[in-house]
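Here is a short report for a reader meeting this structure for the first time. Please look over the sequence and the model before reading on.

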Amino acid sequence: MNRGTRSGKPSEARTRLLGTATKIFYAEGIHSVGVDRIIEEAQVTRATLYRHFTGKEELVLAYLDQADQGIRAQITGALSPDASPEDDVRAAARAIADGIRSPGFRGCAFLNAVAEYPDPDHPVHRTVLAHRQWFLETVTGLLGRAGLEPADAAGRHFVMLRDGAMAAGCLFDPGLVCETFLSGVESLLTTGAPVPRG
């Protein structure tokens, strides 16, 4: 639920709450952070928090929604109507690599969140799965336009390369991780994905 001002824009207090929660959830994890800390760091009252969010779970869902919108914009912004389908795949991969090399990178917000919410019926878990389904469908479409068949196998391969890079990027040298990831994507474009035996 997006409770903003009457103009339809989020209020300054809501924006501050979500910005504070996003920074702390991403850097330190979700379960380890209580609402009292978010209220204190956002410099709002408890009543203000509950005026904008029904509780911590709704704040977590808003954090993930914001992350989802950011990743969608990152991927679509990397694509160009003048580029070849292969170059669009490369551009999407470079956008992911740029995120991994960014200051304060702590892995994938969605993989981090789902590790804390393993129950498949929990709204946070379902939100993570919805984001990942969008991402898989997006890269599968890009790879299909680039001529990779079967595109679904290529899409799954790309997602696994990306997941590995996101996990390793906050543990090891991000430059080397990104180089390995981009090389893997190039290999995928050149040789295709191995098809699992059924």
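The model is predicted.

**The whole protein**

The protein has nine helices and zero strands. The table gathers some overall values.

| Property | Value |
|---|---|
| Span of the C-alpha trace along the principal axes | about 55 × 35 × 35 Å |
| Buried share of the 198 residues | 42% |

Contacts reach across the sequence. Take those between residues at least 6 apart: 65% of them join residues at least 24 apart.

Charges come next. The protein carries 21 positive and 24 negative side chains. The centres of these two sets lie 6 Å apart.

**Helix 2**

Helix 2 covers residues 35-42. Which of its residues are buried? They are V35, I38, I39 and A42. Seen down the helix axis, these buried residues fall within an arc of 100°, so they line one face of helix 2. The general rule is simple: an α-helix has 3.6 residues a turn, so residues three or four places apart point the same way.

What do the buried residues of helix 2 pack against? Their partners are helix 1 (12-28), helix 3 (46-52) and helix 4 (56-78).

Q43 follows helix 2. The phi of Q43 is positive, near 60°.

Key: Residues are numbered from 1 along each chain as its sequence is written. This is a predicted model: local features need pLDDT of at least 70, side-chain atom pairs count only at pLDDT 80 or more; totals for chains, interfaces and linings use all residues. Side-chain values use heavy atoms; hydrogens and water are left out. Helices (H or I, at least four residues) and strands (E, at least two) are DSSP runs, numbered from the N terminus. Buried means under 20% relative accessible area, exposed over 50%, partly exposed in between (1.4 Å probe, protein chains only). Contact means heavy atoms within 4.5 Å. Lys and Arg count as positive and Asp and Glu as negative; His and the chain ends are not counted. The place of a charge is taken as NZ of Lys, CZ of Arg, CG of Asp or CD of Glu. The arc is that of the directions from the helix axis to the C-beta atoms.
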